[in-house]
Amino acid sequence: MEAQHNITLPEGSIEKKTTTLNFGPTHPATHGVFQNIMEIDGERVVSSVQSVGFIHRAFEKLAERRNLYQITPITDRLNYCSSPINNMGWHLTCEKFLNVQTPKRVDYLRIIIMELARISDHLICNSIVGVDTGAYTGFLYVMQYRELIYEIYEEVCGSRLTTNIGRIGGFERNFTNTAFTKLEKFLNEYPGVLKEFESLFTRNRIFMERTQGTGGISAARAMNYGFTGPNLRATGVDYDVRVANPYSSYQDFDFTVPVGTTGDNYDRFLVRNAEMWQSISIIKQAYQKVQEFKGAEAEIFHADVPEYYLPKKEDVYNNMEALIWHFKIIMGEVEMPKGQIYNPVEGANGELGFYLVSDGGRTPFRLHFRRPCFIYYQAYPELITGGMLSDAVVTMSSLNLIAGELDA
Amino acid sequence: MALTNETIQAQLEAKFADQVTNFSTDSGMLSFESPAAFNLKVMQYLFDELGFTFLTDLCGVHYPDNKDAEIVVVYHLHNFIENIRIRFSVAVPVTKPDVFTATKIFESANWMERETYDFFGVNFVGHPNLKRILNVEEMDYFPMRKEFPLEDQTRVDKDDEMFGRG
């Protein structure tokens, strides 16, 4: 009894009704390097402050010292769950800036790759939502189909995660037959898997109870917060860059833009699933269009841009012109025109924009990446306040936050 | 009335007269400049009257050679209904980089302005929480300014053996 009188507590600790919880930056449930300092009352979140920037690598500064083709590997490391979309977005920006017209076959091949990347990204995001609500099976099961997508990348560009796929003007090499065979295998098998994945979750009572009505946001707030991509569409706004500002011949394809209504975790999950079905349909259409090219047309895999597209190695050894271009490109001695451009593409988690300012030099004067999840992560405290701590975890994974993109 | 670059320009000029200048069209996107004191008035007008209700992007650019207009803040706005984008920019001297904050109009400006402050030192007047966001708070310089060049790629004073190139 005597000893209790000697305990000294920090000032204010008795009066304080809430607990401070340091969630992250290396907590397994954050799926990336995110820190949240939360005030919780029991299990209810009262307030939350995020801190970001743990893996900031100064990409925008690095880009000011690099030629256009050297910036592609930087873009890999933004949203590393769908690197090909970032790569293509960067090539499309350069091409628009330099007024390069790409052949249709290149556009269609790019769309195949971009939609595969979208599927692999949504697949990770949705299956992780499953993991966070307690269903590990879906995640393990679909992982083999992401593996198949990565094998297709590997056939096309030689690498899997940080792909550096394609070049300004097209692809570095034509698609091999193996790539098409693997694509066919994917198109045959994947719809059944997605169907099974959906039947595991969509009408699953536990999953619905966990995700419905948590992490919701209204369309007006979402727009004010700069939401884009599936997160915005889950609130009911049918904004998709592929439709609003078609690039890479998306206007030639027939697809719908799925939308939700409540903008909660369940709607985000449904929108992503529906988008995967659309992506499958786009890939099928694109593959059919690619097969329709015959003869010499079926061999085209890049545009004719000698200033930026590396010539074939045989030509470099035997042809003066090609040797000169090879040297100029590698040494970065090609001057860009003056001007500025903002070019958006529909990334897997939102509008990925590239703002390029050129002063006529060999490297960008300024390059800014509009990173979708950096902008919409601001809304996180608003989404989770008043909810349970365990719902905050699900909300975080269903927003599809990618640390590499957030911190640039 | 459908909005086009020309009608937007005409309406802005009718409203703000010579406070909006340097209209140009880069790759189909209308861009213009306004004085830093007018940025909120222009943005509010675009938001209320012309339907630019989405702030796509906000970033800074440093032009060290433009005397008294070294730091430029660039806004990209988007009208979802008419599906049209515009860009407008305000320039401020590097010695006094004060720009009014857009956080009252767009919540999304909050972090984008913090990022611009972090890298260019733009002081967003009225911002609720103007702190560094990606860099450490102890940093005492603004790294994206042009006076901080990257390493010279042709330097020869490095010991190659230390870098695995011996």
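Here is a short chat about chain A of a predicted model.

Q: Hi! Before we start, how are residues and chains labelled, and what pLDDT do local features need?
A: Residues are numbered from 1 along each chain as its sequence is written, while chains are lettered from A and ligands numbered from 1 in the order in which they are written. As this is a predicted model, local features need pLDDT of at least 70 and side-chain atom pairs count only at pLDDT 80 or more, but totals for chains, interfaces and linings use all residues.

Q: New topic: where does Tyr355(A) lie?
A: Tyr355(A) is part of strand 5 (residues 350–359) of chain A.

Q: Is Tyr355(A) buried or exposed?
A: Tyr355(A) is buried, because 24 other C-beta atoms lie within 10 Å (buried is 20 or more within 10 Å of its own, exposed 12 or fewer, partly exposed in between, with C-beta atoms placed from the backbone).

Q: Which residues does Tyr355(A) touch?
A: Leaving out residues up to four places away in sequence, Tyr355(A) touches Tyr342(A), His368(A), Arg370(A), Asp57(B) and Cys59(B). Contact means C-beta atoms, placed from the backbone, within 7 Å.

Q: Last one: how much of chain A is buried?
A: Buried residues make up 47% of the 408 residues in chain A.

Note on methods
Helices (H or I, at least four residues) and strands (E, at least two) are DSSP runs, numbered from the N terminus. Two residues are in contact if their C-beta atoms, placed from the backbone, lie within 7 Å.
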